[in-house]
Amino acid sequence: MSGGVGTLAAGPGRPGFGASRAGGVVRRSFGFYLPAVLVFVGALVLFEVVLDALNVKSFLIPKPSAILAALRDNWSSGRFALQPAAINTLQEALMGLVIGTVAGVAVALATARWTTARGILLPLAVAANAVPIIAFAPLLNNWFGLLNPLSKALMAAVLVFFPVMANVTRGLVQVEPGSLELMRSYAASEWTILRKVRIPNALPYFFTALKVVTTFSLIGAIVAEYFGGSNTSLGRRIVESASAFKFDVTWGAILLGAATGIVFYLVVVLVERLVIPWAAALRGET
Amino acid sequence: MTASSPAPVVRIAGVDKTFGRGDRVVTKALEAIDLDIARGEFVSLIGPSGCGKSTLLRIVGDLTSPSTGTVQVNGKSAEQARRDRDYGMVFQAPVLFDWRTVEDNVKLPLEILGYDAARRTARAREMLELVELGDFLKHHPFQLSGGMQQRVAIARALAFEPAILLMDEPFGALDEMTRERMNGEVLRIWEQTGTTILFVTHSIPEAVFLSTRVVVMSARPGRITKIVNVDLPRPRTDDTREERRYFELVTEVREALRAGGGDLDDSGTIDGMDAASMERTIAEGAVG
(Lines give C-alpha, C1' and ligand atoms only; values in the text may rest on other atoms or scores of the structure.)
Protein backbone atom coordinates (compact mmCIF):
# COMPACT_ATOMS: atom_id res chain seq x y z
CA MET A 1 0.00 0.00 0.00
CA SER A 2 1.09 3.60 -0.39
CA GLY A 3 2.93 4.95 2.62
CA GLY A 4 2.26 8.07 4.59
CA VAL A 5 -1.51 7.85 4.51
CA GLY A 6 -1.55 8.57 8.18
CA THR A 7 -3.53 6.97 10.94
CA LEU A 8 -4.41 3.50 9.83
CA ALA A 9 -7.27 2.41 12.00
CA ALA A 10 -7.79 -0.53 9.70
CA GLY A 11 -5.26 -1.94 7.32
CA PRO A 12 -6.27 -2.47 3.70
CA GLY A 13 -6.02 -6.20 4.43
CA ARG A 14 -9.51 -6.17 5.86
CA PRO A 15 -11.72 -4.32 3.43
CA GLY A 16 -15.48 -4.58 3.69
CA PHE A 17 -17.26 -7.85 4.12
CA GLY A 18 -17.05 -9.35 0.67
CA ALA A 19 -15.96 -12.63 2.22
CA SER A 20 -19.11 -12.95 4.35
CA ARG A 21 -20.94 -15.43 2.18
CA ALA A 22 -23.46 -17.93 3.43
CA GLY A 23 -20.87 -20.64 4.04
CA GLY A 24 -18.81 -18.42 6.27
CA VAL A 25 -21.88 -17.29 8.18
CA VAL A 26 -23.03 -20.86 8.77
CA ARG A 27 -19.58 -21.93 9.89
CA ARG A 28 -19.24 -18.98 12.24
CA SER A 29 -22.76 -19.49 13.60
CA PHE A 30 -21.98 -23.15 14.19
CA GLY A 31 -18.89 -22.25 16.16
CA PHE A 32 -20.88 -19.66 18.08
CA TYR A 33 -23.75 -21.96 19.04
CA LEU A 34 -21.75 -25.15 19.65
CA PRO A 35 -21.12 -24.50 23.38
CA ALA A 36 -24.83 -23.82 23.94
CA VAL A 37 -25.75 -27.05 22.16
CA LEU A 38 -23.28 -28.99 24.27
CA VAL A 39 -24.71 -27.53 27.50
CA PHE A 40 -28.23 -28.39 26.31
CA VAL A 41 -27.31 -32.02 25.59
CA GLY A 42 -25.49 -32.21 28.91
CA ALA A 43 -28.60 -30.94 30.72
CA LEU A 44 -30.74 -33.60 29.01
CA VAL A 45 -28.38 -36.32 30.18
CA LEU A 46 -28.38 -34.87 33.72
CA PHE A 47 -32.20 -34.77 33.71
CA GLU A 48 -32.33 -38.37 32.58
CA VAL A 49 -30.05 -39.51 35.41
CA VAL A 50 -31.68 -37.38 38.12
CA LEU A 51 -35.27 -38.25 37.15
CA ASP A 52 -34.29 -41.91 37.12
CA ALA A 53 -32.51 -41.71 40.47
CA LEU A 54 -35.34 -39.84 42.21
CA ASN A 55 -37.93 -42.09 40.57
CA VAL A 56 -40.08 -39.11 39.44
CA LYS A 57 -43.43 -40.19 38.03
CA SER A 58 -43.53 -39.88 34.26
CA PHE A 59 -46.82 -37.90 34.30
CA LEU A 60 -45.01 -35.14 36.22
CA ILE A 61 -41.88 -34.97 34.08
CA PRO A 62 -41.14 -37.76 31.61
CA LYS A 63 -37.51 -38.68 31.13
CA PRO A 64 -35.81 -37.13 28.07
CA SER A 65 -35.38 -40.61 26.61
CA ALA A 66 -39.14 -41.21 26.93
CA ILE A 67 -39.87 -37.90 25.23
CA LEU A 68 -37.53 -38.75 22.37
CA ALA A 69 -39.17 -42.16 22.08
CA ALA A 70 -42.61 -40.53 22.00
CA LEU A 71 -41.39 -38.18 19.27
CA ARG A 72 -40.13 -41.14 17.26
CA ASP A 73 -43.25 -43.29 17.79
CA ASN A 74 -45.64 -40.45 17.00
CA TRP A 75 -43.61 -38.85 14.22
CA SER A 76 -45.72 -39.32 11.12
CA SER A 77 -48.45 -41.80 12.03
CA GLY A 78 -50.94 -42.60 14.76
CA ARG A 79 -53.47 -40.55 16.61
CA PHE A 80 -50.88 -37.93 17.68
CA ALA A 81 -48.79 -37.75 14.49
CA LEU A 82 -46.48 -34.79 15.27
CA GLN A 83 -44.62 -34.07 12.05
CA PRO A 84 -47.69 -33.15 9.92
CA ALA A 85 -49.02 -31.19 12.90
CA ALA A 86 -45.78 -29.21 13.16
CA ILE A 87 -45.84 -28.46 9.44
CA ASN A 88 -49.40 -27.12 9.64
CA THR A 89 -48.58 -24.96 12.62
CA LEU A 90 -45.42 -23.70 10.97
CA GLN A 91 -47.44 -22.76 7.89
CA GLU A 92 -49.92 -20.82 9.99
CA ALA A 93 -47.11 -19.10 11.85
CA LEU A 94 -45.31 -18.25 8.60
CA MET A 95 -48.48 -16.87 7.06
CA GLY A 96 -49.05 -14.78 10.17
CA LEU A 97 -45.44 -13.62 10.16
CA VAL A 98 -45.71 -12.43 6.57
CA ILE A 99 -49.06 -10.70 7.06
CA GLY A 100 -48.01 -9.05 10.33
CA THR A 101 -44.61 -7.98 8.98
CA VAL A 102 -45.99 -6.54 5.75
CA ALA A 103 -48.69 -4.65 7.65
CA GLY A 104 -46.19 -3.47 10.28
CA VAL A 105 -43.71 -2.18 7.69
CA ALA A 106 -46.50 -0.52 5.69
CA VAL A 107 -47.85 1.35 8.71
CA ALA A 108 -44.30 2.27 9.76
CA LEU A 109 -43.63 3.77 6.33
CA ALA A 110 -46.87 5.72 6.52
CA THR A 111 -46.11 7.06 10.00
CA ALA A 112 -42.58 8.01 9.00
CA ARG A 113 -43.75 9.80 5.89
CA TRP A 114 -46.72 11.64 7.30
CA THR A 115 -46.39 13.21 10.72
CA THR A 116 -50.18 13.37 11.00
CA ALA A 117 -50.39 9.62 10.51
CA ARG A 118 -47.81 9.18 13.24
CA GLY A 119 -49.84 11.33 15.60
CA ILE A 120 -52.96 9.27 15.02
CA LEU A 121 -51.60 5.77 14.57
CA LEU A 122 -48.85 5.52 17.17
CA PRO A 123 -51.03 6.16 20.26
CA LEU A 124 -53.62 3.77 18.87
CA ALA A 125 -50.98 1.14 18.28
CA VAL A 126 -49.62 1.57 21.79
CA ALA A 127 -53.13 1.26 23.21
CA ALA A 128 -53.83 -1.80 21.07
CA ASN A 129 -50.60 -3.38 22.23
CA ALA A 130 -51.64 -2.98 25.86
CA VAL A 131 -54.63 -5.25 25.19
CA PRO A 132 -53.87 -8.92 25.92
CA ILE A 133 -54.28 -9.70 22.27
CA ILE A 134 -54.19 -13.44 22.74
CA ALA A 135 -57.63 -13.10 24.40
CA PHE A 136 -59.03 -12.45 20.94
CA ALA A 137 -58.18 -15.96 19.74
CA PRO A 138 -61.71 -17.35 20.29
CA LEU A 139 -63.15 -14.37 18.40
CA LEU A 140 -60.78 -14.88 15.47
CA ASN A 141 -61.80 -18.54 15.41
CA ASN A 142 -65.39 -17.39 15.32
CA TRP A 143 -64.81 -14.81 12.57
CA PHE A 144 -62.67 -16.81 10.20
CA GLY A 145 -63.71 -20.35 11.01
CA LEU A 146 -62.37 -22.81 13.52
CA LEU A 147 -60.77 -25.00 10.88
CA ASN A 148 -59.54 -22.15 8.70
CA PRO A 149 -55.75 -21.78 9.09
CA LEU A 150 -56.32 -18.05 8.52
CA SER A 151 -57.86 -17.69 11.98
CA LYS A 152 -54.57 -18.94 13.52
CA ALA A 153 -52.41 -16.99 11.07
CA LEU A 154 -54.22 -13.77 11.97
CA MET A 155 -53.64 -14.38 15.67
CA ALA A 156 -49.95 -14.70 14.86
CA ALA A 157 -50.10 -11.65 12.58
CA VAL A 158 -51.58 -9.44 15.29
CA LEU A 159 -48.80 -10.44 17.68
CA VAL A 160 -46.16 -9.83 14.99
CA PHE A 161 -47.54 -6.50 13.85
CA PHE A 162 -46.75 -4.25 16.78
CA PRO A 163 -43.06 -4.96 17.41
CA VAL A 164 -42.35 -4.73 13.68
CA MET A 165 -44.28 -1.50 13.32
CA ALA A 166 -42.75 0.12 16.41
CA ASN A 167 -39.17 -0.88 15.58
CA VAL A 168 -39.28 0.01 11.91
CA THR A 169 -40.89 3.36 12.70
CA ARG A 170 -38.09 4.08 15.14
CA GLY A 171 -35.51 3.12 12.53
CA LEU A 172 -37.10 5.34 9.90
CA VAL A 173 -37.54 8.34 12.18
CA GLN A 174 -34.44 8.22 14.37
CA VAL A 175 -32.02 9.37 11.72
CA GLU A 176 -29.03 11.47 12.68
CA PRO A 177 -30.04 15.14 12.19
CA GLY A 178 -26.70 15.71 10.42
CA SER A 179 -27.68 13.16 7.78
CA LEU A 180 -30.84 15.10 7.02
CA GLU A 181 -28.91 18.37 6.77
CA LEU A 182 -26.47 16.72 4.39
CA MET A 183 -29.37 15.54 2.23
CA ARG A 184 -30.89 19.00 2.42
CA SER A 185 -27.64 20.49 1.13
CA TYR A 186 -28.03 18.17 -1.88
CA ALA A 187 -31.63 19.39 -2.30
CA ALA A 188 -32.70 15.73 -2.08
CA SER A 189 -36.42 14.92 -2.23
CA GLU A 190 -38.28 13.22 0.64
CA TRP A 191 -38.44 10.13 -1.52
CA THR A 192 -34.67 10.12 -2.02
CA ILE A 193 -34.14 10.62 1.70
CA LEU A 194 -36.46 7.69 2.39
CA ARG A 195 -34.58 5.40 0.00
CA LYS A 196 -31.03 6.47 0.77
CA VAL A 197 -31.18 7.32 4.47
CA ARG A 198 -34.31 6.21 6.30
CA ILE A 199 -34.75 2.70 4.93
CA PRO A 200 -31.07 1.66 5.25
CA ASN A 201 -31.10 3.16 8.74
CA ALA A 202 -34.20 1.11 9.62
CA LEU A 203 -32.90 -2.26 8.39
CA PRO A 204 -31.08 -3.22 11.61
CA TYR A 205 -34.20 -2.26 13.60
CA PHE A 206 -36.28 -4.38 11.25
CA PHE A 207 -34.15 -7.47 11.77
CA THR A 208 -34.10 -6.95 15.52
CA ALA A 209 -37.90 -6.97 15.45
CA LEU A 210 -37.97 -9.99 13.15
CA LYS A 211 -35.86 -12.02 15.56
CA VAL A 212 -38.40 -11.36 18.31
CA VAL A 213 -41.56 -11.89 16.29
CA THR A 214 -40.61 -15.24 14.74
CA THR A 215 -41.22 -16.64 18.22
CA PHE A 216 -44.36 -14.54 18.63
CA SER A 217 -45.78 -15.97 15.42
CA LEU A 218 -45.40 -19.55 16.72
CA ILE A 219 -46.89 -18.59 20.08
CA GLY A 220 -49.83 -16.95 18.31
CA ALA A 221 -50.49 -19.96 16.12
CA ILE A 222 -50.19 -22.56 18.90
CA VAL A 223 -52.28 -20.65 21.44
CA ALA A 224 -54.97 -19.99 18.82
CA GLU A 225 -55.04 -23.73 18.22
CA TYR A 226 -55.65 -24.33 21.93
CA PHE A 227 -59.05 -22.71 21.44
CA GLY A 228 -59.94 -25.15 18.68
CA GLY A 229 -58.93 -25.93 15.15
CA SER A 230 -57.69 -28.70 12.93
CA ASN A 231 -56.48 -31.65 14.98
CA THR A 232 -53.38 -31.84 12.83
CA SER A 233 -51.67 -28.95 14.61
CA LEU A 234 -49.20 -28.67 17.47
CA GLY A 235 -51.63 -26.78 19.68
CA ARG A 236 -54.35 -29.43 19.37
CA ARG A 237 -51.80 -32.25 19.79
CA ILE A 238 -50.59 -30.64 23.03
CA VAL A 239 -54.12 -30.21 24.39
CA GLU A 240 -55.34 -33.66 23.40
CA SER A 241 -52.30 -35.67 24.42
CA ALA A 242 -52.37 -33.91 27.78
CA SER A 243 -56.04 -34.72 28.35
CA ALA A 244 -55.24 -38.33 27.38
CA PHE A 245 -52.42 -38.32 29.99
CA LYS A 246 -49.88 -38.97 27.21
CA PHE A 247 -47.51 -36.42 28.69
CA ASP A 248 -44.48 -37.79 26.86
CA VAL A 249 -46.25 -36.89 23.60
CA THR A 250 -47.16 -33.46 25.00
CA TRP A 251 -43.51 -32.82 25.82
CA GLY A 252 -42.54 -34.11 22.41
CA ALA A 253 -44.87 -31.62 20.74
CA ILE A 254 -43.51 -28.78 22.89
CA LEU A 255 -39.96 -29.79 22.01
CA LEU A 256 -40.86 -29.82 18.33
CA GLY A 257 -42.37 -26.35 18.65
CA ALA A 258 -39.23 -25.11 20.38
CA ALA A 259 -36.99 -26.61 17.69
CA THR A 260 -39.11 -24.98 14.99
CA GLY A 261 -38.80 -21.62 16.73
CA ILE A 262 -35.03 -21.93 16.97
CA VAL A 263 -34.68 -22.83 13.29
CA PHE A 264 -36.97 -19.93 12.44
CA TYR A 265 -34.75 -17.57 14.43
CA LEU A 266 -31.54 -18.87 12.87
CA VAL A 267 -32.93 -18.33 9.39
CA VAL A 268 -33.59 -14.70 10.27
CA VAL A 269 -30.05 -14.34 11.64
CA LEU A 270 -28.65 -15.81 8.45
CA VAL A 271 -30.69 -13.51 6.22
CA GLU A 272 -29.65 -10.54 8.35
CA ARG A 273 -25.99 -11.41 7.94
CA LEU A 274 -26.44 -11.58 4.18
CA VAL A 275 -28.52 -8.44 3.78
CA ILE A 276 -26.70 -6.12 6.20
CA PRO A 277 -23.29 -7.70 6.82
CA TRP A 278 -21.92 -4.33 7.97
CA ALA A 279 -24.31 -4.23 10.94
CA ALA A 280 -22.75 -7.30 12.54
CA ALA A 281 -19.29 -5.84 11.94
CA LEU A 282 -20.38 -2.59 13.55
CA ARG A 283 -21.52 -4.55 16.61
CA GLY A 284 -18.17 -6.31 16.56
CA GLU A 285 -19.59 -9.78 15.94
CA THR A 286 -17.41 -10.82 13.04
CA MET B 1 -20.88 45.45 -10.35
CA THR B 2 -18.19 46.66 -12.69
CA ALA B 3 -15.97 44.68 -15.00
CA SER B 4 -12.93 45.55 -12.93
CA SER B 5 -14.32 43.80 -9.83
CA PRO B 6 -15.62 40.35 -10.76
CA ALA B 7 -18.92 39.32 -9.22
CA PRO B 8 -18.36 37.68 -5.85
CA VAL B 9 -19.28 34.04 -5.37
CA VAL B 10 -20.96 34.91 -2.10
CA ARG B 11 -22.47 38.27 -1.22
CA ILE B 12 -23.83 38.65 2.30
CA ALA B 13 -25.70 41.91 2.84
CA GLY B 14 -27.19 43.22 6.07
CA VAL B 15 -27.79 39.83 7.63
CA ASP B 16 -29.31 39.63 11.11
CA LYS B 17 -30.33 36.41 12.81
CA THR B 18 -32.44 36.14 15.91
CA PHE B 19 -33.65 32.97 17.52
CA GLY B 20 -36.97 33.31 19.18
CA ARG B 21 -40.35 31.86 19.85
CA GLY B 22 -43.19 33.70 18.27
CA ASP B 23 -42.54 37.41 18.67
CA ARG B 24 -40.20 36.96 21.60
CA VAL B 25 -36.50 37.21 20.81
CA VAL B 26 -34.54 34.62 22.77
CA THR B 27 -31.11 35.13 21.28
CA LYS B 28 -29.68 37.66 18.88
CA ALA B 29 -27.07 35.59 17.10
CA LEU B 30 -25.94 37.84 14.22
CA GLU B 31 -26.12 41.56 13.58
CA ALA B 32 -25.49 43.59 10.43
CA ILE B 33 -23.24 41.15 8.62
CA ASP B 34 -21.84 42.28 5.27
CA LEU B 35 -19.29 40.15 3.50
CA ASP B 36 -18.26 39.40 -0.09
CA ILE B 37 -16.26 36.33 -0.97
CA ALA B 38 -14.51 36.26 -4.34
CA ARG B 39 -14.00 33.22 -6.53
CA GLY B 40 -11.12 31.04 -5.37
CA GLU B 41 -10.88 32.67 -1.95
CA PHE B 42 -10.33 30.81 1.30
CA VAL B 43 -12.21 32.75 3.96
CA SER B 44 -12.25 31.74 7.62
CA LEU B 45 -14.82 32.85 10.16
CA ILE B 46 -13.41 33.01 13.66
CA GLY B 47 -14.89 34.25 16.89
CA PRO B 48 -15.67 33.42 20.50
CA SER B 49 -18.18 30.73 21.27
CA GLY B 50 -21.70 31.85 20.61
CA CYS B 51 -20.70 34.51 18.09
CA GLY B 52 -22.87 32.92 15.46
CA LYS B 53 -20.12 31.95 13.03
CA SER B 54 -21.64 28.52 12.43
CA THR B 55 -25.05 30.13 12.08
CA LEU B 56 -23.64 32.47 9.43
CA LEU B 57 -22.23 29.54 7.50
CA ARG B 58 -25.56 27.74 7.79
CA ILE B 59 -27.33 30.82 6.46
CA VAL B 60 -25.00 30.90 3.46
CA GLY B 61 -25.73 27.18 2.90
CA ASP B 62 -29.50 27.73 3.27
CA LEU B 63 -29.73 25.30 6.17
CA THR B 64 -31.38 28.15 8.03
CA SER B 65 -32.59 31.55 6.86
CA PRO B 66 -31.58 35.04 7.99
CA SER B 67 -34.06 37.10 10.00
CA THR B 68 -33.25 40.10 7.83
CA GLY B 69 -30.83 40.73 4.99
CA THR B 70 -29.91 38.69 1.96
CA VAL B 71 -27.39 36.13 0.85
CA GLN B 72 -26.57 35.76 -2.82
CA VAL B 73 -24.47 32.96 -4.25
CA ASN B 74 -23.36 33.37 -7.84
CA GLY B 75 -26.06 36.01 -8.17
CA LYS B 76 -28.80 33.65 -6.97
CA SER B 77 -30.61 33.34 -3.67
CA ALA B 78 -29.07 30.91 -1.20
CA GLU B 79 -32.09 28.63 -1.61
CA GLN B 80 -31.75 28.57 -5.39
CA ALA B 81 -28.02 27.92 -5.02
CA ARG B 82 -28.77 24.96 -2.78
CA ARG B 83 -31.31 23.64 -5.28
CA ASP B 84 -28.67 24.04 -7.99
CA ARG B 85 -26.25 22.01 -5.84
CA ASP B 86 -23.76 24.81 -5.51
CA TYR B 87 -22.74 23.74 -2.00
CA GLY B 88 -20.38 21.11 -0.77
CA MET B 89 -20.83 20.83 2.99
CA VAL B 90 -18.42 19.42 5.55
CA PHE B 91 -19.65 19.38 9.14
CA GLN B 92 -17.79 18.84 12.39
CA ALA B 93 -19.06 15.27 12.41
CA PRO B 94 -18.20 13.43 9.20
CA VAL B 95 -21.86 12.27 8.73
CA LEU B 96 -20.98 9.15 6.79
CA PHE B 97 -23.39 6.27 6.29
CA ASP B 98 -22.17 3.09 7.94
CA TRP B 99 -24.06 0.89 5.49
CA ARG B 100 -22.14 2.32 2.58
CA THR B 101 -18.51 1.65 1.78
CA VAL B 102 -16.13 4.59 1.64
CA GLU B 103 -16.45 4.65 -2.14
CA ASP B 104 -20.25 4.49 -2.03
CA ASN B 105 -20.37 7.31 0.53
CA VAL B 106 -18.50 9.53 -1.90
CA LYS B 107 -20.87 8.44 -4.66
CA LEU B 108 -23.97 9.47 -2.70
CA PRO B 109 -24.24 13.06 -4.01
CA LEU B 110 -23.38 11.83 -7.50
CA GLU B 111 -26.32 9.41 -7.37
CA ILE B 112 -28.64 12.21 -6.30
CA LEU B 113 -27.30 14.45 -9.07
CA GLY B 114 -27.92 11.69 -11.60
CA TYR B 115 -24.37 10.94 -12.75
CA ASP B 116 -24.19 7.65 -14.66
CA ALA B 117 -22.53 4.67 -12.99
CA ALA B 118 -19.20 4.87 -14.84
CA ARG B 119 -18.82 8.56 -14.12
CA ARG B 120 -19.75 8.03 -10.46
CA THR B 121 -17.05 5.40 -10.03
CA ALA B 122 -14.40 7.41 -11.86
CA ARG B 123 -15.19 10.57 -9.94
CA ALA B 124 -15.38 8.88 -6.51
CA ARG B 125 -12.05 7.14 -7.03
CA GLU B 126 -10.42 10.32 -8.27
CA MET B 127 -11.60 12.20 -5.19
CA LEU B 128 -10.50 9.44 -2.81
CA GLU B 129 -7.08 9.45 -4.45
CA LEU B 130 -7.01 13.20 -3.87
CA VAL B 131 -7.55 12.71 -0.13
CA GLU B 132 -5.13 9.75 -0.19
CA LEU B 133 -7.71 7.11 0.66
CA GLY B 134 -7.44 5.18 -2.58
CA ASP B 135 -6.62 2.03 -0.63
CA PHE B 136 -9.78 2.17 1.44
CA LEU B 137 -12.52 2.14 -1.20
CA LYS B 138 -14.24 -0.98 0.17
CA HIS B 139 -13.90 -0.19 3.85
CA HIS B 140 -16.85 0.97 5.87
CA PRO B 141 -16.67 4.29 7.76
CA PHE B 142 -16.55 2.70 11.20
CA GLN B 143 -13.36 0.92 10.19
CA LEU B 144 -11.56 4.24 9.72
CA SER B 145 -10.04 6.72 12.18
CA GLY B 146 -11.67 10.11 12.78
CA GLY B 147 -9.21 11.92 10.51
CA MET B 148 -9.77 9.44 7.70
CA GLN B 149 -13.55 9.74 8.08
CA GLN B 150 -13.29 13.51 7.76
CA ARG B 151 -11.18 13.09 4.60
CA VAL B 152 -13.95 10.90 3.15
CA ALA B 153 -16.43 13.68 3.97
CA ILE B 154 -14.19 16.17 2.15
CA ALA B 155 -13.90 13.89 -0.86
CA ARG B 156 -17.70 13.56 -0.90
CA ALA B 157 -18.16 17.33 -0.70
CA LEU B 158 -15.76 17.90 -3.60
CA ALA B 159 -17.04 15.06 -5.75
CA PHE B 160 -19.67 17.03 -7.66
CA GLU B 161 -17.49 20.14 -8.04
CA PRO B 162 -19.68 22.53 -6.05
CA ALA B 163 -19.21 26.26 -6.57
CA ILE B 164 -18.34 26.70 -2.91
CA LEU B 165 -17.20 24.47 -0.10
CA LEU B 166 -18.74 25.25 3.29
CA MET B 167 -16.75 23.75 6.16
CA ASP B 168 -18.12 24.03 9.69
CA GLU B 169 -15.29 23.31 12.15
CA PRO B 170 -14.40 20.20 10.17
CA PHE B 171 -11.34 19.40 12.27
CA GLY B 172 -12.72 20.49 15.65
CA ALA B 173 -12.94 16.92 16.89
CA LEU B 174 -9.43 15.92 15.80
CA ASP B 175 -6.24 15.98 17.83
CA GLU B 176 -3.70 18.73 17.16
CA MET B 177 -1.31 16.58 15.08
CA THR B 178 -4.04 15.19 12.84
CA ARG B 179 -5.51 18.63 12.57
CA GLU B 180 -2.29 20.18 11.30
CA ARG B 181 -1.89 17.41 8.75
CA MET B 182 -5.51 17.88 7.63
CA ASN B 183 -4.86 21.62 7.28
CA GLY B 184 -2.06 20.80 4.88
CA GLU B 185 -4.35 18.44 2.99
CA VAL B 186 -7.12 21.02 2.67
CA LEU B 187 -4.68 23.62 1.37
CA ARG B 188 -3.29 21.20 -1.18
CA ILE B 189 -6.82 20.28 -2.32
CA TRP B 190 -7.86 23.93 -2.44
CA GLU B 191 -4.83 24.78 -4.58
CA GLN B 192 -5.42 21.79 -6.87
CA THR B 193 -9.14 22.34 -7.37
CA GLY B 194 -9.30 26.14 -7.21
CA THR B 195 -12.57 25.92 -5.29
CA THR B 196 -13.94 28.68 -3.06
CA ILE B 197 -13.98 27.82 0.63
CA LEU B 198 -15.83 29.32 3.59
CA PHE B 199 -14.36 27.82 6.73
CA VAL B 200 -15.59 28.12 10.34
CA THR B 201 -13.04 27.53 13.07
CA HIS B 202 -12.23 28.52 16.63
CA SER B 203 -8.51 27.92 16.14
CA ILE B 204 -6.48 31.07 15.42
CA PRO B 205 -3.43 29.23 13.99
CA GLU B 206 -5.68 27.16 11.76
CA ALA B 207 -7.47 30.26 10.43
CA VAL B 208 -4.21 32.10 9.72
CA PHE B 209 -2.47 29.12 8.17
CA LEU B 210 -5.32 28.31 5.79
CA SER B 211 -6.94 31.54 4.74
CA THR B 212 -6.64 34.32 2.26
CA ARG B 213 -8.76 36.37 4.66
CA VAL B 214 -9.71 35.83 8.30
CA VAL B 215 -13.05 37.31 9.32
CA VAL B 216 -12.99 38.08 13.05
CA MET B 217 -16.35 38.17 14.80
CA SER B 218 -17.39 39.56 18.19
CA ALA B 219 -19.31 37.84 20.95
CA ARG B 220 -23.10 37.62 20.81
CA PRO B 221 -24.62 39.29 18.93
CA GLY B 222 -22.08 38.29 16.30
CA ARG B 223 -20.68 41.18 14.33
CA ILE B 224 -17.70 41.40 12.01
CA THR B 225 -15.11 43.39 13.93
CA LYS B 226 -12.13 43.01 11.66
CA ILE B 227 -11.03 41.33 8.45
CA VAL B 228 -7.38 40.31 8.45
CA ASN B 229 -5.74 39.85 5.05
CA VAL B 230 -3.31 36.97 5.25
CA ASP B 231 -0.38 37.82 3.01
CA LEU B 232 1.70 34.71 3.76
CA PRO B 233 3.38 33.31 0.64
CA ARG B 234 2.17 30.13 -1.01
CA PRO B 235 2.53 27.23 -1.02
CA ARG B 236 2.21 27.19 2.75
CA THR B 237 4.09 24.40 4.41
CA ASP B 238 4.98 23.34 7.94
CA ASP B 239 7.74 25.96 7.76
CA THR B 240 5.08 28.64 7.33
CA ARG B 241 4.05 28.02 10.92
CA GLU B 242 7.48 29.12 12.05
CA GLU B 243 7.72 32.36 10.06
CA ARG B 244 7.72 35.75 11.78
CA ARG B 245 4.90 37.07 9.60
CA TYR B 246 2.77 34.08 10.60
CA PHE B 247 3.16 34.92 14.28
CA GLU B 248 2.43 38.58 13.58
CA LEU B 249 -0.83 37.63 11.88
CA VAL B 250 -1.76 35.21 14.66
CA THR B 251 -1.20 38.05 17.12
CA GLU B 252 -3.22 40.45 14.99
CA VAL B 253 -6.18 38.04 14.91
CA ARG B 254 -5.88 37.34 18.63
CA GLU B 255 -5.92 41.05 19.47
CA ALA B 256 -8.89 41.63 17.20
CA LEU B 257 -10.70 38.84 19.01
CA ARG B 258 -9.85 40.30 22.39
CA ALA B 259 -11.05 43.73 21.28
CA GLY B 260 -14.33 42.15 20.20
CA GLY B 261 -14.86 40.74 23.66
CA GLY B 262 -15.08 37.18 24.83
CA ASP B 263 -12.43 34.50 24.77
CA LEU B 264 -12.15 31.52 22.54
CA ASP B 265 -12.78 28.27 24.23
CA ASP B 266 -12.27 24.77 23.06
CA SER B 267 -15.87 23.89 22.45
CA GLY B 268 -16.87 26.62 20.04
CA THR B 269 -20.44 26.19 21.17
CA ILE B 270 -23.31 28.26 22.43
CA ASP B 271 -23.81 27.19 26.04
CA GLY B 272 -22.49 23.77 25.12
CA MET B 273 -24.67 23.44 22.03
CA ASP B 274 -23.68 23.91 18.43
CA ALA B 275 -25.78 26.16 16.25
CA ALA B 276 -27.64 23.28 14.61
CA SER B 277 -28.75 21.62 17.82
CA MET B 278 -29.60 24.98 19.37
CA GLU B 279 -31.93 25.72 16.48
CA ARG B 280 -33.51 22.30 16.79
CA THR B 281 -33.93 22.73 20.53
CA ILE B 282 -35.61 26.07 20.04
CA ALA B 283 -37.78 24.68 17.27
CA GLU B 284 -38.89 21.89 19.59
CA GLY B 285 -39.77 24.45 22.22
CA ALA B 286 -37.35 23.20 24.85
CA VAL B 287 -35.66 26.56 25.25
CA GLY B 288 -37.22 29.86 26.33
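These notebook entries record what I looked up in this structure.

**Basis.** I worked from a predicted model, in which local features need pLDDT of at least 70, side-chain atom pairs count only at pLDDT 80 or more, and totals for chains, interfaces and linings use all residues. Residues are numbered from 1 along each chain as its sequence is written, while chains are lettered from A and ligands numbered from 1 in the order in which they are written.

Entry 1: I took helices (H or I, at least four residues) and strands (E, at least two) as DSSP runs, numbered from the N terminus. I counted two strands as paired if DSSP finds at least two bridges between them. Strands of a sheet pair through backbone hydrogen bonds, either parallel or antiparallel. In chain B I found an open sheet of six strands with mixed pairing, ordered β6-β7-β8-β3-β9-β10. At its edges lie β6 (87-90) and β10 (224-229) of chain B, each pairing on one side only. I then looked at β3 (residues 42-46) and β8 (residues 196-201) of chain B, which run parallel and are joined by five bridges. Within this pair, S44(B) stands opposite F199(B) of β8(B).

**Entry 2: the four-stranded sheet of chain B.** I noted a second open sheet, antiparallel, with the order β2-β1-β4-β5 (chain B). Its edge strands are β2 (24-37) and β5 (76-77) of chain B. Five bridges pair β1 (residues 10-21) with β4 (residues 68-73) of chain B in the antiparallel sense, and V10(B) has V73(B) as its bridge partner in β4(B).

**Entry 3: R120(B).** Is R120(B) buried or exposed? I counted a residue as buried if 20 or more other C-beta atoms, placed from the backbone, lie within 10 Å of its own, as exposed if 12 or fewer do, and as partly exposed in between. R120(B) is buried, because 21 other C-beta atoms lie within 10 Å. This residue belongs to helix α4 (residues 117-130) of chain B. I treated residues as touching if their C-beta atoms, placed from the backbone, lie within 7 Å. Leaving aside residues up to four places away in sequence, R120(B) touches K107(B), L110(B), E111(B) and Y115(B). The C-alpha atoms of R120(B) and L110(B) are 6.0 Å apart, although ten residues separate the two along the chain.

**Entry 4: helix α9 of chain A.** I found α9 (residues 234-243) of chain A mostly covered, with seven of its ten residues buried. Among the buried ones are L234(A), I238(A) and V239(A). The cover includes α3 (82-113), α8 (190-226) and α10 (247-275) of chain A. Just after α9(A), I noted a positive phi of about 60° at F245(A).

Technical notes
Two residues are in contact if their C-beta atoms, placed from the backbone, lie within 7 Å.
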